[in-house]
Amino acid sequence: MGSVGRPAAVAAPARTAGWHRLPVARVEPLGDDAVAVTLDVPEPLAGTFAHRAGQHVTVRHRPDGREIRRSYSVCPPPGERDCLRLVVKRLGAGGFAEYATTRLARGDVLELAPPKGDFRLAEQPGAHHVLIAGGSGITPLLSMAAAALRDDPHSRVSLLYASRASGSVLLADELADLKDAHLERFHVLHLLSREAREAELLSGRIDAGRLPKLLALLGADTDAVADTDADTDTGRERWFYACGPRGLVEAVRQGLAAAGVQPARVRFELFTTGGEAWEPPARDHPARPGGRVTARLAGRTSTAAMEPGDRVVLEAVLRARPETPYSCRDGLCGTCRAKVTAGVLTMDRQYALGEAELAAGYTLACRARPETDEVGLDFDA
Ligand code: FES
């Protein structure tokens, strides 16, 4: 999974670089094609792997000399906030997910980079948090729901969760338990895209047109929001969070925008499904061969030359600093976020940075192409 919908405020994430080998404590099946993987975090690394609800870690998998990096939201069971648990869903043959869902076992060791990411709950006491999840997008949102209910007794949480069928609803038992523990403050609505449900509205996909009706069922009708950004009955500030594949997140953003919800009240995070077409910058459009990239990472500065065939600055930076953080290489997860310190870079498209971060000069190395011969990036900023 990759992240990220960004909060309006720019907050520098912890930029602890480096990989850590963590033993697997448990691997538990979740339905037919997913597992929950719990890692043991040794005491000396407890601070490094401390996480806030909504953050993700990157796993580095190196089969047969290849290197695969994948990001997963940290998704502790609701009663175990510090637990480093990841939910890994198989999307196709090969790759880390297939390995994790078929062969990974207790006692194996995984290489992880520390938690990062700015997808987080609004710090607004007593808010109504409206969460919209698609498939594996439930993982950061379950964690955020549990955190809001636990840490703010005046908050309210509503969850709209779209899955393919009842058998593919991830973490259904934990959601039900959380609901039972907070009957007055946590409301959940399941939508199934490939299974007929009694109420027609609850069968099919989430789209911009149906979204207001679905939210109304959760007591989060958007009619009132346009004027007040608050619940009409209680006056609670209302915040929206979406996580899932690009199509779902786009539909939610469009639907909320059409309803007049302020963009600053909508936070989102995307992940790649492997089935979606996401085009890399064109190979036949090399990015300024001969140019130079200066990169600061973990307190050390290195310089690399752009070579013919390089499309984005990350390719050059990785030659000089192979430990540079990245995961999706698709502009989705935000792992490669860096501040531009010199020159000009442009991105064709990206989903990980919010307007405030762009205005503050951040870019994504995996999508950024230099427009000047000299560019500088600070991965520590
Ligand atoms: S590596 Fe995911 S946004 Fe760049």
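The protein chain exposes about 16,100 Å², an area that comes from the Shrake-Rupley method with a 1.4 Å probe, where for residues only the protein chains shown count as cover. Carbon and sulfur atoms supply 49% of that surface. Bear in mind that this is a predicted model, where local features need pLDDT of at least 70, side-chain atom pairs count only at pLDDT 80 or more, and totals for chains, interfaces and linings use all residues. Residues are numbered from 1 along each chain as its sequence is written, and side-chain values use heavy atoms, with hydrogens and water left out.

**The chain overall**

- Of the 381 residues, 55% count as buried (buried is under 20% relative accessible area, exposed over 50%, partly exposed in between, with a 1.4 Å probe and protein chains only).
- You'll find eight helices and 18 strands in the protein chain; these are DSSP runs numbered from the N terminus, with helices being H or I of at least four residues and strands E of at least two.
- Take the contacts (heavy atoms within 4.5 Å) between residues at least 6 apart in sequence: 69% of them join residues at least 24 apart.

**Helix α1 and its packing**

- In α1 (residues 95–102), the buried residues are F96, A97, Y99, A100 and T101.
- Those buried residues pack against β1 (20–30), β2 (34–39), β3 (56–61), β4 (68–73), β5 (84–89) and β6 (109–116).

- β8, α3 and β9 make a right-handed β-α-β unit; right-handed here means that, with the strands pointing away from the viewer, the path from the first strand over the helix to the second runs clockwise.
- β8 and β9 run parallel and are joined by seven bridges, and one of the bridge pairs is L160 with L189 in β9.
- β9 (residues 186–192) is mostly covered, with five of its seven residues buried.
- L171 sits in the loop between β8 (156–163) and α3 (172–181), and its phi is positive, near 60°. At 5% relative accessibility, L171 counts as buried.

**Helix α6**

- α6 (residues 246–258) has 13 residues and reaches 18 Å from its first C-alpha to its last, close to the 18 Å expected at 1.5 Å a residue (the expected span is 1.5 Å times one less than the number of residues).
- Buried in α6 are R246, L248, V249, A251, V252, G255 and L256.
- After α6 comes G260, with a positive phi near 90°.

- Five strands form an open sheet in the order β13-β12-β18-β14-β16, with mixed pairing (two strands pair if DSSP finds at least two bridges between them).
- β13 (300–305) and β16 (362–364) stand at the edges with a single partner strand each, so one side of each has no neighbour in the sheet.
- From one strand to the next, the twist averages 35° (axes are lines fitted to C-alpha atoms, for helices over the stretch in contact, and angles run from 0 to 180 degrees between N-to-C directions).
- β14 (residues 337–342) and β18 (residues 374–378) pair in the antiparallel sense over three bridges; K339 has D378 in β18 as its bridge partner.
- α7 (residues 313–320) lies across β12 (292–297), β13 and β18, running at about 120° to β13.
- In the loop between α7 and β14 you'll come across R329, another residue other than glycine with a positive phi, near 55°. R329 is partly exposed, with a relative accessible area of 35%.
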